[in-house]
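Reader: I've got a chain to go through with you. Can you show me the structure before we start?

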Amino acid sequence: MSADRAAELAASLAEVEQRLVEACVAAGRAREEVLLLAVTKTWPLSDVLLLRDLGLQAFGENRDQEAAGKARELPGVHWHFVGQVQTNKAASVAAYASVVHALDRPSLAQALSRGAAKAGRTVEVLVQVRLDDADGRGGAAPDDVPALADLAAGLPGLRLAGVMAVAPLGQDPAPAFARLHDVAARLRADHPDAADVSAGMSGDLEQAVAAGATIVRIGTALLGRRSPPAR
Ligand SMILES: *Cc1c(COP(=O)(O)O)cnc(C)c1O
């Protein structure tokens, strides 16, 4: 069973790696510029261990309870929180997450900062950018990004690392990722160290790499389809 799963994960990792290498070549970029974040939400810790043994170091989760449990079992890797963070969960998330991808409001920056300070940690934050006004998938409006970034950059326990976005549903991701690229460039003008761009999932990693992504968040293509609820 576990040997089968190990072989399955090794094969899907090889496929994702191949896609990433080809996308980097097409974009004239080095493979090392892009972190492959394995989004392991809903999958058991045994899968995380197998992927770690295959060389991955960073894992993405989107529910605090599940993530906190996995991080307790396996503290020696980088846990990224890729989902919306409720303010009352911020302190918990700040105690184990290396990177929080969905900073979308000032109150969350404050709460993460308090939690990180209390835990004696530094948490990297990415400002989530809303790429489509009609899209309900969250994030700060592009015009609100500079102020939120300035706030995060000045708070103890946080390190502003860049931006993140989810491509709008049912649209060509390329123009959306191009808008994200512009927002990221604007942010770097004010905060040169905030150079990360988290974009691209199983279905659109090529477009994201073409638009400058430095972190791709891959679930389904690595681990298979999540059983319901698919989120
Ligand atoms: C689940 C999730 C992913 C992974 O999506 P796949 O399509 O399964 O690769 C990436 N980013 C976020 C924010 C997610 O919630």
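Predicted model: local features only at pLDDT ≥ 70, side-chain atom pairs only at ≥ 80, totals over all residues.

Reader: Which residues does His-191 touch?

Author: His-191 touches Ala-149, Asp-150, Ala-153 and Leu-160, leaving aside residues up to four places away in sequence.

Reader: Where does His-191 lie?

Author: His-191 is in the loop between α7 (173–190) and β7 (196–198). Helices (H or I, at least four residues) and strands (E, at least two) are DSSP runs, numbered from the N terminus.

Reader: Is His-191 buried or exposed?

Author: His-191 counts as buried because its relative accessibility is 16%. Buried means under 20% relative accessible area, exposed over 50%, and partly exposed in between, with a 1.4 Å probe and protein chains only.

Reader: Which side chain makes a polar contact with His-191?

Author: That of Asp-150, at 2.8 Å. A polar contact is a pair of N or O atoms within 3.5 Å; within protein, one must be able to donate a hydrogen and the other to accept it, and residues adjacent in sequence count only if both atoms are side-chain atoms.

Reader: Switching to the ligand. Which side chains have a polar atom by a ligand oxygen?

Author: Ser-202 has a side-chain N or O atom 2.5 Å from a ligand oxygen. For Thr-220, a polar side-chain atom is 2.6 Å from a ligand oxygen. For Arg-226, the distance is 2.8 Å.

Reader: How much of the ligand does the protein bury?

Author: The protein buries 87% of the 390 Å² that the ligand exposes when taken alone. Accessible areas come from the Shrake-Rupley method with a 1.4 Å probe; for residues, only the protein chains shown count as cover.

Reader: Now the whole chain. How many helices and strands?

Author: Nine helices and eight strands. The radius of gyration is 17 Å, close to the 17 Å from the globule rule for 231 residues, so the chain is as compact as a globular protein of that length. That radius is taken over C-alpha atoms, and the rule is 2.2 Å times the number of residues to the power 0.38.

Reader: What share of the residues is buried?

Author: Of the 231 residues, 51% count as buried.

Notes. Residues numbered from 1 in each chain as written. Heavy atoms only, no water. Contact = heavy atoms within 4.5 Å.
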